[in-house]
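Hello,

Here is the structure we talked about handing over. Please have a look at it, then read the notes below.

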Amino acid sequence: MAREAKKKQSTKLIALSTTNKAYEFRKPLEKKIKYQGKEVEIKLHEDPKGFSYIVWKNKKYMLDVIEKKQNRYTIMVNGVWHTFTVETPVSLKRKRYLEQQADASSAVSIEAPMPGKIIDIMVEEGAEVKEGEPIIILEAMKMQNEITSHITGLVKTVAVKKNETVMKDDVLIEIQRG
Amino acid sequence: MKIKSLLIANRGEIAIRIIKTARKMGIRSYVIKTAKEPNAWYLEEADEIIDFSEDYDESIPEFLDIERIIKGAKKRKVDAIHPGYGFLAENPDFARRCEEENIIFVGPSHDAIYRMGHKTIAKELAREHGVPLLGGSPGAVRDAEEARKIANEIGYPVILKAAAGGGGRGMRVVSKEKDIERMFTLATNEASKAFNNPDVFLERFVREPRHIEFQILADKHGNVIHLGERECSVQRKHQKLLEESPSPALSSALRKKMGEAAVNIAKAVNYYSAGTVEFLLDSDNSFSFMEMNTRIQVEHPVTEMVTGIDLIEQMIRIAEGEKLAYTQKDIKLNGWAIEWRINAEDVQSGFSPSLGTIEKISWPEDEHVRVDTGVRDGSVITPYFDSMIAKLIVHAETREKALQQSSMAIRKFWIKGTKTTLAFCRAVLQNTNFRKGNFNTSFLSKELKIHYHAEPDEALLAAFFATYDYAREIQENEEKPLHTENGKIAPWVLKKRLR
């Protein structure tokens, strides 16, 4: 009985999007959504081929879990993906607090937008870069792509070497805002 | 000579597409098996497999290995080779080797491929035959200094293009003099890498043109006709993302004029087989010859849908020496067709490649819908080949109806396991100017700022599904014992409980 009570307390969960939008669900396991002031029941289906979908306002929405790492989820709905961290009310509070503490002036990293090979590095450590300035040439799928800096500042570290192969999201260069 | 057996020196959807026509014509099909894709679907569709998967030569990709392909074809006494698109399709040496070995090459002569493949020669031919061209360098540009000189003469912006190129590689637009040296180096490097030829030429850059191409059919007896145009202006970095036929920009008078120019280009090189002549169309309806693609195009289905003509069949008949069964007057464009390219790319991260396994794929069976694909449930997307996995072709009576049918088909086109450009297709369909037919090659950079479209409630449904899955996992963990059998605490279970 005690365990049952505890479970009820902790059922409220929040999905926090990458743009910091919070979606609160009181009873996710009961498949109910509060929508425009009303509680709407959600039905999850699986078609004969094994696709998962939700029927919402008489339309089918195909769902796929693209990525799941601990509380971090990337969910695809009709071909568009959305990333969330799933938080409890307590963990959300803690997360918001920690974010406030983070130093706003820390270095910004330029990451590889796609997997590929480093063809050229146009900056050195300590060099000044302007927003929009090309800093690296990355070859991917036989195309040479210019990677530009999205901030103005000083190059703190060059994390890659010429001819090195990088994966998507690998840090290429770190720039100190300035 | 009747072709009884055909080696398809290609893979994926185009291999399957060619097999379908071969089967219809009673031709035995052969394909090449590689170690990179030993379980690909096209292998099962073909009648025979030539196995290249063992003793793989790392120095040359299988579909580029001319001598090995020729040897494989000769050993099995194959009558003809169809190169598909990409790989060796526009390699004059390959066509020449086929001719030398008495294998019918299902495409044009090696001479036509060579002359049209060499952009500077092709431009010269166009000039001689009175086809309009853009101003620029007469041949390849020697160095950055020469590029600067010519650019200053004709005025910026200019475009640098690989002489041996195509498909957007080795191409750079230069808007200011200060960038020309850097862009020249980039274009030359890319051209040398992609085409093994660093030559680039320079021409005036039309800022916001439409990309219009004409489908040509020509036989070995001098008959040349065109099958109307394809509108290919929606591109990203010179890569086409969707194509339609006809184009909303062409009046029948302009179609006639451009079609005649396209036929003249083909005649200039004694062209035979199917081919495509590309033009830039400026906002004042003036047009300039860009290049001729001497092969079947990815986007050929839209022409097939509106003309009712099987282009692969025509290529085979022409290769057999048959005369064209159609004259220009027989060609009628019936309705409107749109092809949506479905690439395994993440449009929300700058169209970066999305590798992985297609767990499931399904699309609506509908009279308006044709799907050309090389993947099915369980297919693996490898980094070795291009990212296109399927083409969704929609055909209806009018453009408006074709767009409406496209929206429905895209909504019902489900792929699980990888990110695709379907999200991009949705965004295009939402755009008012696209719906009006009012767009050009700057559509992606200027008009369509966000390259994907989600309905307002979709984020909510995704958020719900994330919390639901998480809650379910916690519940399952609660039911699991915290202590494992040997008395130790299971760290994962503990972590989930502490959160």
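A residue is buried if 20 or more other C-beta atoms lie within 10 Å of its own, exposed if 12 or fewer, and partly exposed in between, with C-beta atoms placed from the backbone. Helices (H or I, at least four residues) and strands (E, at least two) are DSSP runs, numbered from the N terminus. B:Gly321 follows α11 of chain B and has a positive phi, near 100°.

This is a predicted model: local features need pLDDT of at least 70, side-chain atom pairs count only at pLDDT 80 or more, and totals for chains, interfaces and linings use all residues. Residues are numbered from 1 along each chain as its sequence is written, while chains are lettered from A and ligands numbered from 1 in the order in which they are written.

Now chain A. It has 2 helices and 17 strands. Its radius of gyration (taken over C-alpha atoms) is 22 Å. Of the 178 residues of chain A, 26% count as buried.

Chain A splits into domain 1 (2-101) and domain 2 (108-177); the bounds come from an automatic or database domain assignment. The C-alpha centres of these two domains lie 35 Å apart.

One open sheet of chain A has 4 strands in the order β10-β17-β15-β12, with antiparallel pairing (at least two DSSP bridges between two strands). Its edge strands are β10 (108-111) and β12 (128-129). Strands β15 (153-158) and β17 (171-177) of chain A are joined by 5 bridges. In one of these, A:Val158 partners A:Ile173.

Last, the interface. How many residues of chain A are in contact with chain B? The count is 41, against 42 residues of chain B (contact: C-beta atoms, placed from the backbone, within 7 Å). Strands of chain A that each supply at least two residues to this side include β1 (13-17), β7 (59-69) and β14 (143-148).

Best wishes

Key
Two residues are in contact if their C-beta atoms, placed from the backbone, lie within 7 Å. The radius of gyration is taken over C-alpha atoms; the globule rule is 2.2 Å times the number of residues to the power 0.38.
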